[in-house]
Amino acid sequence: MRARLALLVAAVSVLTLIAFLVPLALLVRTVAEDRATVRATADAQSLVPVVGTADAATIRLTVEQLAAESGRPVSVFLPDGTVLGAQTPRTPAVALAARGQSLTGESAAGREVVIAVQGRADGTGVIRIVVPQHELTAGVTRAWLVLALLGVILVLIGLLVADRLARTLVRPISDLSAVSHRLANAELDARVTPAGPPELREVAGALNHLATRIQVLLVQEREQVADLSHQLRTPLTALRLEAESLRDPEDAARITAAADGLERAVTGLIRQARWRHSPAGPAASDAAAIVADRVAFWSVLAEDTGRAVTLDLAPGPLPVGVSADDLAAAVDALLGNVFAHTPDGTSFAVRLAPDAGEVVLSVADEGPGMPVGAVRRGASAAGSTGLGLDIARRAAQAAGGRLELRTAPRGGAQVLLRLGPPTSPRQA
């Protein structure tokens with residue numbers, strides 16, 4: 001915008017200056033020519049009394065003196081054909097002046113001023129003075145240079161003023177853009193200070209109102225999710241009481257542990273739903289410890305359903321840039337998909353290893369494979385919510401990685417979760 005405003009002002013300034021300076025330059029040249037012509041005419045008029053009354057010797061002396069003082073060729077044509085002063089042939093202007101008509105004309109040597117002198121006894125004399133071309137244009141070049149310099153200075157001043165004006169417009173727009181990007185990056189406390197013209201102030205106020213409205217809607221949504229999550233604690237409590245009433249201590253311990261894990265997940269969901277500010281530091285967790293813990297948890301169910309579990313776990317710690325709760329939820333989602341979408345007895349393998357600065361988690365099964373588009377949120381071919389792979393994908397993106405779907409070596413589905421290392425906290 002600044003460049004376009006500067007270009008616009010420059011174009012308008014140049015056109016305006018051309019409209020004024022070109023006629024002014026022509027006027028300067030005309031004035032210089034007229035000034036030189038008037039001086040030459042005055043010199044010729046000073047010779048009229050001498051030419052009209054004096055003899056040839058006196059006229060010659062006066063003409064030579066005037067020519068020496070003025071630096072112009074001066075000629076006097078007497079009626080008898082005698083030429084005094086500069087010896088030049090009679091020109092058409094001289095012939096007209098000999099008939100009693102004074103005039104000014106142009107010639108190859110410059111501007112020709114001829115004056116008819118009447119009153120002599122022998123006829124009409126003619127005084128001819130030639131104004132050289134350099135005298136007609138004396139000072140014109142310098143005046144044109146001054147005008148050109150003045151035009152350049154005026155254009156530069158116009159550009160400076162346009163740049164200052166553009167800054168007053170561009171700065172508020174840049175602030176609006178910066179706050180918009182911050183809001184897009186979930187910095188909902190970002191606000192813009194209204195500045196600039198009234199229209200931009202109105203836009204700034206609207207953007208601030210939008211940000212406030214977004215905050216209010218998010219708070220309401222978080223409260224609703226928190227309330228819904230809190231309501232899940234009642235059936236969890238009943239489930240725990242039922243588990244404690246089981247006669248088999250192992251079954252009771254297993255179901256109680258599952259209920260405790262589910263309650264921890266619900267508690268984490270409530271805490272996350274009420275979380276309104278960004279953490280002070282970067283998210284980080286040990287992938288080796290979390291994967292080992294979650295695989296151990298799911299191994300009990302795998303044993304009950306006749307599934308062989310192969311665990312290939314690189315020695316830890318393996319730090320990744322995602323919180324422990326989010327990574328645990330992602331691992332549970334991937335392992336839960338194996339149990340939900342493959343028949344009992346289907347084996348699966350879990351592998352965790354570093355790879356080119358990342359930590360790669362692989363979950364591969366020997367089932368029928370995964371349908372196309374299964375990673376799309378809300379899409380499921382088995383009647384579930386379709387959020388499992390999306391949870392894993394968001395966890396990978398939070399760690400600067402990605403989720404990949406492949407075909408396992410034995411024909412089943414293979415999910416790769418690439419997790420980046422912890423990053424430094426973002427500067428405010």
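The largest nonpolar core of this predicted model comprises 35 residues, and those with the most contacts inside it are Leu327, Leu334, Leu335, Val350, Leu352, Leu361 and Leu417. A nonpolar core is here a set of buried Ala, Val, Leu, Ile, Met, Phe, Trp, Tyr and Cys residues joined through side-chain atoms within 4.5 Å. Buried denotes under 20% relative accessible area, exposed over 50%, and partly exposed the range in between, with a 1.4 Å probe and protein chains only. At least two residues of this core come from each of helix H9 (287-304), helix H10 (324-341), strand E9 (348-355), strand E10 (358-365), helix H11 (388-398) and strand E12 (413-419). H10 provides the largest share, eight residues. Helices (H or I, at least four residues) and strands (E, at least two) are DSSP runs numbered from the N terminus. A second, separate core has 21 residues, among them Ala44, Leu66, Leu84 and Ile115.

Residues are numbered from 1 along each chain as its sequence is written. Local features need pLDDT of at least 70 and side-chain atom pairs count only at pLDDT 80 or more, while totals for chains, interfaces and linings use all residues; side-chain values use heavy atoms, with hydrogens and water left out.

**The chain as a whole**

The secondary structure comes to 11 helices and 12 strands. Of the 428 residues, 35% count as buried. The chain exposes about 24700 Å², of which carbon and sulfur atoms supply 60%; accessible areas come from the Shrake-Rupley method with a 1.4 Å probe, and for residues only the protein chains shown count as cover. Among contacts (heavy atoms within 4.5 Å) with a separation of 6 or more, 63% join residues 24 or more positions apart.

**Selected residues**

| Residue | Contacts |
|---|---|
| Val350 | Val291, Val295, Thr310, Leu311, Asp312, Leu335, Leu361, Ser362 and Val363 |
| Thr37 | Thr104, Arg111, Val113 and Leu136 |
| Ala314 | Ala288, Leu352, Ala353 and Pro354 |

Thr37 lies in helix H1 (residues 2-53) and counts as buried, at 10% relative accessibility. Ala314 is found in the loop between strand E7 (309-313) and strand E8 (319-320). With 15% relative accessibility, Ala314 also counts as buried. The C-alpha atoms of Ala314 and Val359 are separated by 9.8 Å, although these residues are 45 residues apart along the chain.

Ala356 belongs to the loop between E9 and E10. The phi of Ala356 is near 55°, a positive value in a residue other than glycine. Most residues other than glycine have a negative phi. Ala356 is exposed, with a relative accessible area of 79%.

**The second largest pocket**

About 230 Å³ of space lies in the second largest pocket. On a 1 Å grid over the protein atoms alone, a pocket is an open set of points where a 1.4 Å probe fits, with protein on both sides within 12 Å along at least five of seven lines; lining residues have an atom within 4 Å of a point. Grid points are joined across faces, edges and corners, and the volume is the space filled by probe spheres set on the points.

The lining consists of Arg254, Ile255, Ala257, Ala258, Phe297, Trp298, Val300, Leu301 and Asp304. The lining divides into seven nonpolar, no polar and two charged residues, where Ala, Val, Leu, Ile, Met, Phe, Trp, Tyr, Cys and Pro count as nonpolar, Asp, Glu, Lys and Arg as charged, and the others, Gly among them, as polar.

Notes. Lists of a residue's contacts leave out its neighbours within four places in sequence.
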